[in-house]
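Subject: Structure handover

Hello,

Here is the structure for you to look over. My notes on what was found follow below it.

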Amino acid sequence: MEAERQDGRTKYVFIGAGWVGGLTSTFFASRNPNSDFFVYDINKELISKWNQHTVPFFEEGLQEMLDQCFNKNLFFTDDKERAFEGGQYYFICVHTPTKSKGIGKGEMQDIKFVEACTRDIATFYSTRSITKPIAIIEKSTVSPRTCDNLSSIFREAQTTFPENRQKFSILSNPEFLAEGVAVRDLTSPDRVIIGAGSDPISQTLSSGLAALYASSVPGVRVINTATYTSELAKLAANAMLAQRVSSANSLALVCERLGVDVTQLAACVGSDARIGERYLAAGPGFGGSCLEKDLLALVYLAKSLGLDEVAEYWRAVYTMNQHQKRRIAELVVREFYGNLSGKKITILGVAFKKNTSDCRSSPSIDIIRYLLDEGCLIQVYDPQAKRDHFMREYASYLVDEILTEDIFSRITFEKSIAEACQDSHAIILVTEWDEFKQTDWVNVHKSMQKPPYFFDTRGILDRDELSKIGFKAFKLGLGFSESKHN
Ligand code: NAD
Ligand code: UGA
């Protein structure tokens, strides 16, 4: 079979049906009814969830998009051959976690899944002639020069059609969507970046990819650039975002000492157009599956280029983030005179931010881990995050520890805020869900142990109101209310 379809419809193949593969394929399919989109994943359970016509995670607005194209021109399958057959654009959307062992452990990206996908494509074409050149697209976030690695995997694979080696190109097309607002980011992206080689095949495929974006988002700004530039742009963007959050969090500490409100400080500083007001919210530290991982990948890249000072500079952004999570847990322990043993602590929100069910690298993991070390019980409420997913992420985040039965049993998930706060000694608000702004804290206060503490690590509630209700209230980036010790 060949990469040319008889029916005139272009076929796009997405490898990986997770957040990026699932979201981007659904978006493109809903906007391009005259093309076909196949999503392949090795995880059969995940594919079966998609095939029940439901989004397997929480992302506002995605179900409606899925309804427009599911099983019309968007198909989910665990059958590789079916997915790959007749494809022209192959988007690699698999995860690229931080290496947990060996050289580069704790910093370098592990791209074995991206390599495996490229090998799968090469194997598929080892017995088929390519008539129309194919694009292998890095949608996963990868370090600069990964394109060379993938190119050599494809070029040097065994094939009965050696001419195939001249009929492909590796393109870089990093994804910039943020979870929770992904539909907005897909429908009106700030820009799309396409990195390609200068040869004619690469340029033609790059134009074809740009055309897919143009038909999906009329007037979209496409930046065409070299492949290394595009790869580096993605790491750099995430590292710059991480840097803003760590800057805000470092200033939050200064604010708490001075009794200055960090939200007001951010408004003053962010109103300078050169700085900008977005992405300056102090909080419990940045989480999610990408900022930390990509920042660390940049640290590793700098080291591997012999740029130790550069590596140290970016490493400091990570250190500040680790400090933020630790210092929140320490603050809680200190307020209880170093004794949390047997006490119930409520965690409101374990997702890494609001409007997502995703708990990957959530700051709640480290905060809970430090607190559990003190012997307390944790009662969680989160409107969307599920216990199974959280516990899996919790376990995978542990480096030199294991998830024991004891720890497992000391984390319970409750169905409501009221249940999670019942008999609790302290509330730690970790995720900024809107529901927490509408809660009747007077009632919650009544059911808690006295005196109850309230640690608002997102600074979304009125500290003085909480204080009036009777909480010993702490707002991150402002500190405790004066009435704390009354
Ligand atoms: P994810 O873990 O949600 O999904 C990855 C999927 O790939 C999994 O379902 C897994 O089963 C599948 N997979 C792994 N190896 C495979 C193989 N050989 N063949 C087929 N399927 C395979 O990951 P994600 O959050 O979608 O992230 C994917 C990439 O996109 C990462 O590099 C990430 O840094 C980047 N990214 C993520 C986001 C985000 O918001 N999550 C945004 C932009 C970029
Ligand atoms: C981030 C980037 O914003 C996306 O552009 C990028 O595509 C994505 O990473 C990726 O590469 O995966 P995401 O991780 O979904 O998106 O979420 P963000 O909204 O960026 O938030 C990351 C973390 O920073 C969250 O824990 C959030 O609470 C925290 N944050 C963000 C703050 O503490 N303060 C802020 O002002 C902004």
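To begin with the make-up of the ligand 2 site: the shell around ligand 2 consists of 12 nonpolar, 2 polar and 5 charged residues. Please keep in mind that this is a predicted model, and the values here are computed from it.

Altogether, 19 residues surround ligand 2. Leu 177, Lys 234, Tyr 279, Cys 290 and Arg 458 are the closest of them. As for secondary structure, helix H9, which spans residues 227–258, supplies the largest share of the shell, with 4 residues.

Which protein atoms lie 2.7 Å from an oxygen atom of ligand 2? One is a backbone N or O atom of Phe 176. Another is a polar backbone atom of Leu 177, a residue also listed among the closest to the ligand. Arg 458, likewise on that list, places an N or O atom of its side chain 2.7 Å from an oxygen atom of ligand 2. Taken alone, ligand 2 exposes 700 Å², and the protein buries 88% of that area.

The other finding is about a pair of helices. Helix H1 covers residues 19–31 and helix H8 covers residues 200–216. Their axes come within 9 Å and cross at roughly 70°. Angles of 65 to 115 degrees count as roughly perpendicular, so H1 and H8 are roughly perpendicular to each other. The crossing in which H1 passes H8 is left-handed.

Regards

Conventions:
Residues numbered from 1 in each chain as written. Chains lettered and ligands numbered in written order. Predicted model: local features only at pLDDT ≥ 70, side-chain atom pairs only at ≥ 80, totals over all residues. Heavy atoms only, no water. Near = heavy atom within 4 Å. Polar contact = N/O pair within 3.5 Å; in protein donor to acceptor, adjacent residues only side chain to side chain. Areas by Shrake-Rupley, 256 points an atom, 1.4 Å probe, with all protein chains shown as cover. Helix = DSSP H or I, 4+ residues; strand = E, 2+ residues; numbered from the N terminus. Nonpolar A, V, L, I, M, F, W, Y, C, P; charged D, E, K, R; others polar. Axes fitted to C-alpha atoms, helices over the stretch in contact; angles between N-to-C directions. Parallel < 35°, antiparallel > 145°, perpendicular 65-115°, else oblique. Left-handed = near helix turned anticlockwise from the far one by under 90°.
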